[in-house]
Amino acid sequence: MKNYPPEFKADAVALYESRPDATIRSVAADLGISPETLRNWVRAAGASRPRGRRTQEPAQPPVPLEAENAAAEEGP
């Protein structure tokens, strides 16, 4: 097992976090290290990325219910 400097480990984890579409395997290949090594560094650093697909369009504001609209129109 190689001993990598702490700066390299931190930079590798930061690179993985900055590339949301990349996999651990692809980032590890770019860095010339094994995917298991990078996975261990990511876990040790507590780094995480959101899972699932990201939407490109902003979330729409909630639509008020008809009952809430009717109550608002009647007043207090």
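How many aromatic pairs does the count come to? Three aromatic pairs. Before I go through them, a reminder that this is a predicted model.

I'll begin with the overall layout. The chain has four helices and zero strands. Read along the sequence, that gives the pattern α-α-α-α. There are 76 residues in the chain, and buried residues make up 18% of them. As for contacts with a separation of 6 or more, 52% of them are between residues 24 or more positions apart.

Now the aromatic residues. A pair of aromatic rings is described by the distance of the centres and the angle of the planes. Take Tyr4 and Trp41. Their ring centres are 5.2 Å apart and their planes stand at 80°. The cut-off for edge-to-face is over 60 degrees, so Tyr4 and Trp41 are an edge-to-face pair.

How accessible are the two partners? Tyr4 has 24% relative accessibility and counts as partly exposed. Trp41 has 12% relative accessibility and counts as buried. The limit for buried is under 20%, so Trp41 falls in that class at 12%.

The next pair is Phe8 with Trp41. Here the ring centres are 5.9 Å apart and the planes are at 90°, so this pair is edge-to-face as well. Phe8 sits in helix H1 and Trp41 in helix H3, 33 residues apart, and this pair too links distant parts of the chain. Phe8 is partly exposed, with a relative accessible area of 27%. Taken together, Tyr4, Phe8 and Trp41 form one aromatic cluster.

What else does Tyr4 touch, leaving aside its neighbours within four places in sequence? Tyr4 is in contact with Lys9, Ile33, Thr37 and Trp41.

One more residue from that end of the chain is Lys2, also placed in the segment before H1. Lys2 is exposed, with a relative accessible area of 58%. The C-alpha atoms of Lys2 and Ile33 are separated by 9.8 Å, and the two residues are 31 residues apart along the chain.

On to the helix packing. Two packed helices are described by the angle between their axes and the distance between the axes.

At what angle do H1 and H3 pack? The angle is about 90°, with the axes 10 Å apart. H1 and H3 are therefore roughly perpendicular to each other. On the H1 side the contact is made by Phe8, Lys9, Ala12, Val13 and Tyr16, and on the H3 side by Leu38, Trp41, Val42 and Ala45. By class, that contact has eight nonpolar, no polar and one charged residues. Phe8 and Trp41, from the aromatic cluster, are both in this contact.

Then H2 and H3. Helix H2 covers residues 24-31, and packs with H3 at an angle of about 110°, with their axes 8 Å apart. The range for roughly perpendicular is 65 to 115 degrees, so H2 is roughly perpendicular to H3. H2 passes H3 in a right-handed crossing. Ile24, Arg25, Val27 and Ala28 of H2 meet Pro35, Leu38 and Arg39 of H3. The residues of this contact divide into five nonpolar, no polar and two charged.

The remaining pair here is H1 with H2. Their angle is about 135°, and their axes are 10 Å apart. Are they roughly perpendicular or oblique? H1 and H2 are oblique to each other. Their crossing is right-handed. From H1, Phe8, Ala12, Leu15 and Tyr16 meet Ile24, Val27 and Leu31 of H2. The contact of H1 with H2 divides into seven nonpolar, no polar and no charged residues.

Some residues turn up in two of these contacts. Phe8, Ala12 and Tyr16 of H1 meet H2 and are also in the contact with H3. Ile24 and Val27 of H2 meet H1 and also meet H3. Leu38 of H3 is in the contact with H1 and also meets H2.

To finish, back to the aromatic cluster: Tyr4, Phe8 and Trp41, with Tyr4 in the segment before H1, Phe8 in H1 and Trp41 in H3.

Notes
Residues numbered from 1 in each chain as written. Predicted model: local features only at pLDDT ≥ 70, side-chain atom pairs only at ≥ 80, totals over all residues. Heavy atoms only, no water. Phe/Tyr/Trp six-rings, centres within 6.5 Å; stacked < 30°, edge-to-face > 60°. Buried < 20%, exposed > 50% of the residue type's maximum accessible area, 1.4 Å probe, protein only. Helix = DSSP H or I, 4+ residues; strand = E, 2+ residues; numbered from the N terminus. Axes fitted to C-alpha atoms, helices over the stretch in contact; angles between N-to-C directions. Parallel < 35°, antiparallel > 145°, perpendicular 65-115°, else oblique. Contact = heavy atoms within 4.5 Å. Nonpolar A, V, L, I, M, F, W, Y, C, P; charged D, E, K, R; others polar. Left-handed = near helix turned anticlockwise from the far one by under 90°.
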